[in-house]
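Hi,

Here is the structure I promised to pass on. Have a look at it first, and then read my notes below.

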Amino acid sequence: MNKLYNRNYALYLGIISVSIVLFFTIFGPKIAPHSIFMALEVKYMDGDVISPPLQPFESMAYPLGTDLWGYDLLSMILYGLRYTVWIAIAVAAIKMIVGTVLGMFIGTWKKTPSFIIAFEGAWSYVPAFLILYFCLLPINFGSVLETPILIAYFIVIASLVGIPSIVSSVRQKTAEIYKRDFVLASITLGAKRWRLLWRNVFPQLKESLLVMFTMEIVYVITIMGQLALLNIFIGGTIVRNDPVIYLSVTKELSGLVGQARDNLMGNQYILMVPLIILLITTISFSLLTAGLKNKFLSDYARMPWIKTGIKPKGKPSRKRLGEKRFLNFSLHKVGFAILFLLFVIGGILVHQYSDSKIGVTNENEGGYSLALSMVSDKEFTVKEEVTVKNQSEDKWEELLFFAPRDIAQIERNEITVNQENLPYEIKDGVYYISLPEKWQGENQFDVQFNYRMTGIEDADIFQDWYFALAPFKNGKWSEATKDNPYVQHHHALLSSFKVSYDLQPGYTFISSAIENDKETVSIDDVKNFSFSIVSDNWDQNERVTQKDTQVRFLQQSPSLEESAEEEIITVIDYFEEAIAPLPFKQVDIFISDNLETESLPGMVILNVEEAQDSYMIAKEVAALYYASAISQDPKNDSWIGSGLSHLAAYQYSVDQGEESKQQALAYLQEELGALEEHVNGSQVSNTNIIEVEHEAVLNAQPAWKIIELIEEHYGYRGMSPEEVGEKYLSSFYEQFAGREVDTEIFLQFTRDYFSVPSGAFSRWLNTEEVGT
Amino acid sequence: MVRYIQQMIIVIFLILFLATLPSIVLVDPTNGTVSLNFSQFPSIVGNFFKELSTGSLGTFYVGMEQRSIASEIGDNFFTSFYIVFVGVFISILFSLLFGIFLSRFYLTKIFRLIMNIISTIPDFIFIIFALLLAVNIYKWTGIRVVSFLPNGGALNIWFPMVLVAIAPSIYLFKLISERYFLIAGEDYIRTAVAKGLKIDRINFQHVFKNIEPFLVADLVKVLSLAIGNLFIVEYLLNVSGLTKFVFQSSGDPQPIAIGLFGMLFISLLVFAAMRLLLYLFKRGFIYE
């Protein structure tokens, strides 16, 4: 019993809670459920009006509630904690390092100059936060200086203000140790000052220095809190007038407390929540300090002769000479190892969780393995194997596959699931394979298709040539895309493909996934696998971009001059510079009279006429990013791909100079003009694709509206609309490459990016239905 | 003596520096750089002393209204002085009592536990919690524990006194407990025990005598803590003390300097008073 009671629980608890705090400082923003720039908007839900401020636990989406303006408290805390803790650690570390070195050095002097002592005395009289207050008062308000600079100022000034007190205590301790016998012995043996300091004095000091360091962290947080009460928030204070409101830029914890100070009388939780988290943070470090103190007290202190009522907790640990301590087994080491492991595993899990949250997540998955063999000039046989995974909670009664685009090509087909022939129905080009009851609970199915198809004369581009698994989400299978003039693709999952082929002589297999002269290719995370087979009659030409992406030009009859190829390469170079390297190892550009202009994953098809127009080229190349590498459900959201491609083309035109910018604007305006004439009233871009009345709804309208948005709000993100447009496009791509997006996600991202309410989109997007 | 004069000069210089800092630091909004304009310093300091030499303390603004500092400083000074004096007195009293004389009793164990818990809470958080508690007590019971009105009388001043006392108490109590523990292990205590002296006697005659120098040495630190919390407490609780001049003058050097000098004067007075009390205690109870 005594053994249990006498453990140093403060130390254990301190180490664990500090680890947890550090964990949240590192991974907090990844866990945060909301963006700190996006406020909850008033909305109706099941007959109730939901409006800020929300109390804690009132809504599951906002577990700790929101502040008066609708910003999620939990998210702000998770974002802000890292500033609080790491700034405190940085200040404490600088103070300790400089203070220790100076203090030890001064401590070895025979006599400390009286002015140093006087200075220490005077300095310790003036409260540190007051000095910081007057230093930061002139610079902290109204974000004249940038946040990192303000943080740096704080760190430097706070360290400078704190150093004298550290110097003073280290100096006194050093002077005391310097009088001890073992120092005298070392001096007698000829040790110089540095050796004395590092070999004799420092080892005596190191425990108390560690305790001081953890204490200083709490002390710095306290100072930050005191400043925050006076509206000096670390990283800058935003001042709003009418009524006067002070807001923290960094959402650093003490800033959150400070900005909620007015909630003392009503909505107290807005103040309480960050205060309690701040309290937990400081208590963690205080516990660590107390635990360390306890440990060192029990290790080193002499026991008192009279009853003092103070008893050190924990068993003293003793060092034995010549013992290899590192290899010794002890429970403490195991504990440390477990803690470390938990930290790492937690980090990995959080990373995976936040990764899976980006974009639309479908609840099934398909892996394709396709074997293609060319039987004759016009005929192929295909053996398709799809591994289907059910990741939803639902039991499936059937499997849905979208049939190849031109169904007439299929002569004979045969479908097996898990090696059994199953009955199926065909409706509007969708195959419904009903599953027997025994398999309905299963999570994985191996589906096999064998079919023949006809193709190529001289060249053929194969897209939607295989049975594609329909996406499954929220207990429903995705619908086939109904006939419409704008989008022919079905909604597809981002999947991995493995394709092997066997061709007749005289033909070449061309695909973005190709690795030279191999007869199998594989590619991951694309929404469909397109390739082409061309006869040797085609003229081929390969070039490499600045970022080492291969571009292969294929022309039926070399109808275009070098300059067009040059233009395409310029476009690709621009996008690789401004957005990201192309998502494909190789891009195939087809230029032909009798092909329609189109962009497929890894492939751009240009009609000769449109290959002369740099805007068109840019748009089709941009579609490789926004329509191919980022997937959308064609039913409502295909406008994202086409709209952003147009926006990117506009950005390219802007980059090319005033003249091409005006041309691009003229083009967009013309399209919008046509839209106005064609559509009675207006039509939002996320209209169901079969109701879309004009193409411009899907491309020119979103592009134009985003350009307007950038022109109005660029000041929030950068210096000029051009720069912000590029940054916006590249951040969007960076965040969603290899994922699926929908209108809601687009809205979230864009609102967040420009810090605008969803009302800013209501004229061209239906913001009501998304997200319900 | 030389050191005290040096110390005073440094403190005075520091106060003048802090008071003028808002006027010295210049921020260039176009390219976001900060520059220090030290050439302003002599003229501001000159103006300050010129104002003093005319016998007035200068003026400060409340909103748009200009008021004379001299006409208001008296009340404010004494309000702050009472708060600091009582706060520091309470902290010394409690820490000596529980840190040395009652340290071995079970009751102190509870006190130590409470102190340990409070000490993990930063002062400003504790102050906010105390405020929240006071507000909620009023909400639940209708009993007005504190008043935020500057003319609230005792209700306005007892709470700040307690809040100001907390941080120095914790600091001193921990310091004295630690010292007590260390001193109790010394050989002269063993000698005293061996002689058969009672614990209370040892505490008075051996322990206190050896702790007193540390107490006196840290009195400045204790005062600094008290003054630091005074700023926060007066600001948050709307007590009209000296900090009014410091925080409400939006960078005007005159009232800031007057306020800070007033604080300096308060701490000198309290320091002297505490030394006197300790001296009397020593003369009364301890053999020299």
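**Where the two chains meet**

Chain A and chain B bury about 5,600 Å² between them, with 76% of that on carbon and sulfur atoms. Buried area here is the accessible area (1.4 Å probe) that two parts lose on being put together, summed over both. Three residues stand out: Tyr125(A), Phe134(A) and Trp305(A) supply 15% of the area that chain A buries against chain B, more than any other three residues.

Before you go on, keep in mind that this is a predicted model, where local features need pLDDT of at least 70 and side-chain atom pairs count only at pLDDT 80 or more, while totals for chains, interfaces and linings use all residues. Residues are numbered from 1 along each chain as its sequence is written, chains are lettered from A and ligands numbered from 1 in the order in which they are written, and side-chain values use heavy atoms, with hydrogens and water left out.

Counting contacts (heavy atoms within 4.5 Å), 59 residues of chain A touch 64 residues of chain B. Across this interface there are six residue pairs in polar contact, both residues being at pLDDT 80 or more. A polar contact is a pair of N or O atoms within 3.5 Å; within protein, one must be able to donate a hydrogen and the other to accept it, and residues adjacent in sequence count only if both atoms are side-chain atoms.

Which elements of chain A give two or more residues to the side that touches chain B? They are helix 4 (114-125), helix 5 (128-136), helix 8 (193-229) and helix 10 (268-300). Helix 10 of chain A gives the most, with 12 residues. Helices (H or I, at least four residues) and strands (E, at least two) are DSSP runs, numbered from the N terminus.

By residue type, the side of chain A that touches chain B divides into 43 nonpolar, 12 polar and four charged.

**Salt bridges**

A salt bridge is a side-chain nitrogen of Lys or Arg within 4 Å of a carboxyl oxygen of Asp or Glu. The whole structure has 19 of them over all chains. How many are counted between chain A and chain B? The count is one: Glu178(B) and Lys293(A) meet at 3.4 Å, N to O. Glu178(B) is partly exposed at 43% relative accessibility, and Lys293(A) is also partly exposed, at 29%. For these labels, buried means under 20% relative accessible area, exposed over 50%, and partly exposed in between (1.4 Å probe, protein chains only).

Now for two pairs inside chain A. Arg543(A) forms a salt bridge with Glu566(A), and their closest N and O atoms are 2.9 Å apart. Arg543(A) sits in strand 21 (residues 539-544) and Glu566(A) in helix 12 (residues 562-578), so the pair ties together parts that are 23 residues apart in sequence.

The other pair is Glu577(A) with Lys547(A), at 3.8 Å, N to O. Glu577(A) is in helix 12 and Lys547(A) in the loop between strand 21 and strand 22 (550-555), 30 residues apart. Glu577(A) counts as exposed at 57% relative accessibility, whereas Lys547(A) is partly exposed at 40%.

Finally, look for the network of salt bridges that links Glu542(A), Arg552(A) and Asp588(A).

Cheers

Technical notes:
Ala, Val, Leu, Ile, Met, Phe, Trp, Tyr, Cys and Pro count as nonpolar, Asp, Glu, Lys and Arg as charged, and the others, Gly among them, as polar.
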